Amino acid sequence: MKKGKKRSLSKASSRASKRKASSFGDKMTSPRSERAAAIRRSLLVVMSAVDIDWKLLRRFYEPMLLLKLLDPVRGQRVDRPTDPEHGALSSTEIRRAFVNKLAYLCDFKKGGDTSTAIALQNSPQGVVIHCAANDHVKPRVKDFIRETLELLVTVDDTNHAKVEALIFKKAISLSRNRLRTYWKRADGMIRKCSKHLQCKAPSSSFTEMIAEKSTDSGTALKLCSWLNELQRTAESMSSLVRKCYQARNSRLLRALDRLSAEGKPHCRAFQDLRHYIGRLGAHRMATKTLVAAVAGAPGFLEGFSVQVEPSSPRAYCNLLPEDTTASGIMGRMCPKDGAASYRDALKLMDSSYELNLDVALEENCAFETRVHAELLLLDLFIRNKYEFAGEDRYIGCSKPACYSCSQYFRAQITSFTLPACHNKLYLRWRPPDIFDELDLEAIQRRNDTMNNMNVRIREEIKEQLDRRTLTRHRQFDSTTGRSIAFDIETFQNHSNDEHFDFNLGTRESFVEDLEDASEQRWESSEESLEES
Ligand SMILES: [Zn+2]
């Protein structure tokens, strides 16, 4: 990673030096213009791309950095809206579920590099499946998509289970390392939680705690026994994933939910365990959903083709440390008459919460940037005026969008369906690049979007300074594997081959899970370091 940074820096500085030579040459320059040139040199340069005006860049990234330092989680997780007119079984919802789950299965590694976006384009030849990732779609992912689609187009009334099994096998094989990581963490949590669960001789107080209003006092023992069974199954990843999926609506996972509630003893460990069990089961859910979607909307993959969008080059943004101070940023952000009071408010927050802002700003004012997968596709569709399948301007993603991507969608002049959003602000982000300097319309659109976003970012800073509070949230980037809107379980007629021993999933429990789906999940410290 350090090597990459060095490369980007040297590319940027060599290009900046050339530009300086051509722009300023031997001309006499005033100290003011020299300073402007120094700032311009220090900012984002993407090779071969049309530069963003340096004033706009500085105006954009300075408040973004400040906002991140004030609170990197800008609110609660937001689920994507469901189709208001036709509900969970509409063709729109089915398509959205399809692209989300396919993108999910393509995101084969933990971390942000493999975050994947998928969108469907209508073309005269058939549907085109466009795919992008934060860091290049790997050939094996493209193969996985193609092979999966080839299997899906063969789905009929007689072969659901067979097609599901084949896709499931491919999905497990592609994401084996990711699933192993989940299991390693789940296993650690099982060991921790087992101690708390007092498996061998549960005390009456524990039984009360786990069962609460339930009359089933045996659930505690069953939970221990099931967790031990998971450990015994771990040799076979596909069996492990199946077991976690089968348990999704069980009384046992409800018990785990109750143990995870804030304020309960050891709730963090139980929350993490619940999360990783959800993640492990999600691969089974995703493969079943793909098959159910194709069966529910026959023909929508007819004549399909797959297109991979290249990822963005990395570029380095380097705000000048001597300028990037809390006072300097507030001065540029606020009109003259308002800057003093906001500076005071910021100072007060800085000392009250020991933010040490000026040091933090200096330490964080240089960073790599990249264009996130969903924006690569958004830009592709806008640039080429592609028609979305079903006229649904929706881009599916393997993870909920970050704060900046969500704001970018909101700031578009033409409306798009907003993606789900985990609301975390990542600084390693930039808007899509433009490579044609004659495309004035695209340049104007990008400027407008950044300015619109900037208005919102500044408002958020001011609102936070007015409140003078930090509201730090913690949540997982990914979902817990429980369902949102359409998925396989939306179909009443799904196969009954995967009953769970303790408690069969019921329609009622599914509805409750939907309600739970937006619940805040806490983030382990390791995961909080990841940026998508
Ligand atoms: Zn993003």
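Which strands does helix α4 (residues 91–106) lie across? Helix α4 lies across β1, β2 and β6, and runs at about 135 degrees to β1. Here helices (H or I, at least four residues) and strands (E, at least two) are DSSP runs, numbered from the N terminus. Angles run from 0 to 180 degrees between N-to-C directions, with axes as lines fitted to C-alpha atoms, for helices over the stretch in contact. The model is a predicted one, in which local features need pLDDT of at least 70 and side-chain atom pairs count only at pLDDT 80 or more, while totals for chains, interfaces and linings use all residues. Residues are numbered from 1 along each chain as its sequence is written.

Overall, the chain has 20 helices and six strands. Of its 532 residues, 41% count as buried (20 or more other C-beta atoms within 10 Å of the residue's own; 12 or fewer is exposed, in between is partly exposed, and C-beta atoms are placed from the backbone). Among contacts (C-beta atoms, placed from the backbone, within 7 Å) with a separation of 6 or more, 78% join residues 24 or more positions apart.

Now to the sheet. Four strands make up an open sheet with mixed pairing, in the order β3-β2-β1-β6; strands pair if DSSP finds at least two bridges between them. The edges belong to β3 (305–308) and β6 (396–397), each with a single partner strand, so one side of each has no neighbour in the sheet. Strand β1 (residues 116–123) pairs with β2 in the antiparallel sense, over eight bridges, and isoleucine 118 stands opposite cysteine 131 in β2. Another helix, α5, lies across β2 and β3, at about 165 degrees to β3. In the loop between β2 (126–133) and α5 (139–152) sits histidine 136, which has a positive phi of about 60 degrees although it is not a glycine. Histidine 136 counts as partly exposed because it has 15 C-beta neighbours inside 10 Å.

Leaving aside residues up to four places away in sequence, leucine 102 touches Ile118, Ile145 and Leu290.

Elsewhere, helix α3 (residues 54–70) packs against α18 at an angle of about 35 degrees, with the axes 9 Å apart. The residues of this contact divide into 10 nonpolar, three polar and three charged (Ala, Val, Leu, Ile, Met, Phe, Trp, Tyr, Cys and Pro count as nonpolar, Asp, Glu, Lys and Arg as charged, and the others, Gly among them, as polar). Leucine 465, also in α18, is buried, with 20 other C-beta atoms within 10 Å. Leucine 465 and leucine 70 are 395 residues apart in sequence, yet 9.4 Å apart in space, C-alpha to C-alpha.

As for helix α17 (residues 403–410), seven of its eight residues are buried, so the helix is largely enclosed by the rest of the structure. The cover over those buried residues includes α16 (373–384) and α18 (440–467). In the loop between α17 and α18 lies asparagine 423, a residue other than glycine with a positive phi near 65 degrees. Asparagine 423 counts as buried, with 20 C-beta neighbours inside 10 Å.

Notes: Contact = placed C-beta atoms within 7 Å.
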